[in-house]
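Me: I'm new to this structure and would like to learn how to read it. Could you walk me through a few features?

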Amino acid sequence: MNIQKQHNEKIIEQFSKQAVPFTRIEGHYDSVDTIISMCELKSHHRVLDIACGTGIVSCEFAKHSKEVVGLDITEEMLTQARKLQKEKELNNIDFRNSNVEVLPFEDNSFDIVFTRYSFHHFLDTKKVFDEMLRVCKKDGKIIIVDVALKQSVSLAYNQMEKLRDPSHTKALTFEEFNSLFDNNELKNHKESSYKVTLELEKQLEASFPNKGDEDKIRKIFQEDIKTNALGVESYKKDGKIYFSYPISIFLAQKK
């Protein structure tokens, strides 16, 4: 079995278990309005949402555009996405089970090519980015929303996240994201950021680390309250540990 297939199976295993808990984490609904506003959606736009998960952003896109296609490799996540679509009575979304390494679309197919909270799961981020660029139309937009890190916290953060979610590969640094977007096919770069603040135990309830790793994670966060080595601003309040994922929105337009 090749490395990519093994990794995809790990993602499917994790997110099959995370599908329902994912929909209950309020932080996953944060800043959706900001994302929609930055995209400057038009009623004639065709949108591709890569690794769409439970369809939270896909459904918001659908309210403002002609058509949305949402791709994910985890069928349980797509089940939740279709449930949300039905609840919101949106008939212009097509959720499909598909990987993202080779997108099943012609060149220049979409006005908006988007992904959120996914790049830290990809083995070859450059390959995925190039595919996003390929299927984007001229003057269309590429948008990536994900954790972006300072180089100084990258190692510690990624070690912690791999414990929490074994399908995690690597959260990119600001420099690595800028390197992807520093492409002569792109123009009109924009960037924004926000934080998703979560309570540690609630996040662990929605995660499925390997046996014995939950206590390791708790100890890492106890230490992080003193050091901020993870870059997530850990703190304790009323006996509970809270932390904030540093999320960035990177956007550019295809020439």
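Predicted model: local features only at pLDDT ≥ 70, side-chain atom pairs only at ≥ 80, totals over all residues.

Me: Is Glu199 buried or exposed, then?

Reply: Glu199 has a relative accessible area of 10%, so it is buried. You'll find Glu199 in strand β6, which covers residues 186-199.

Me: Which residues does Glu199 touch, not counting those up to four places away in sequence?

Reply: For a contact, look for heavy atoms within 4.5 Å. Glu199 touches Lys240, Ile241 and Tyr242 on that basis. Its side chain also reaches the backbone nitrogen of Glu201, at 3.0 Å.

Me: Where is Ser65, and what does its side chain reach?

Reply: Ser65 sits in the loop between α3 (56-62) and β2 (67-72). Its side chain reaches the backbone oxygen of Phe61 at 2.8 Å. Ser65 is buried too, since its relative accessible area is 8%. Setting aside neighbours within four places in sequence, Ser65 is in contact with Leu41, Lys42, Ser43, His45, Val47 and Asn92.

Me: What about backbone angles? Where does Asn108 lie, and what is its phi?

Reply: Asn108 is not a glycine, yet it has a positive phi of about 55 degrees. Look for Asn108 in the loop between β3 (93-97) and β4 (110-116). Asn108 counts as partly exposed because its relative accessibility is 43%. Ala51 is another non-glycine with a positive phi of about 55 degrees, and its place is in the loop between β1 (46-50) and α3.

Me: Which residues make the contact between α6 and α9?

Reply: From α6 come Met160, Leu163 and Arg164, while α9 brings Asp213, Lys216, Ile217, Ile220 and Phe221. Sorted by type, the residues of this contact are five nonpolar and three charged, with no polar ones.

Key:
Residues numbered from 1 in each chain as written. Heavy atoms only, no water. Helix = DSSP H or I, 4+ residues; strand = E, 2+ residues; numbered from the N terminus. Nonpolar A, V, L, I, M, F, W, Y, C, P; charged D, E, K, R; others polar. Buried < 20%, exposed > 50% of the residue type's maximum accessible area, 1.4 Å probe, protein only. Polar contact = N/O pair within 3.5 Å; in protein donor to acceptor, adjacent residues only side chain to side chain.
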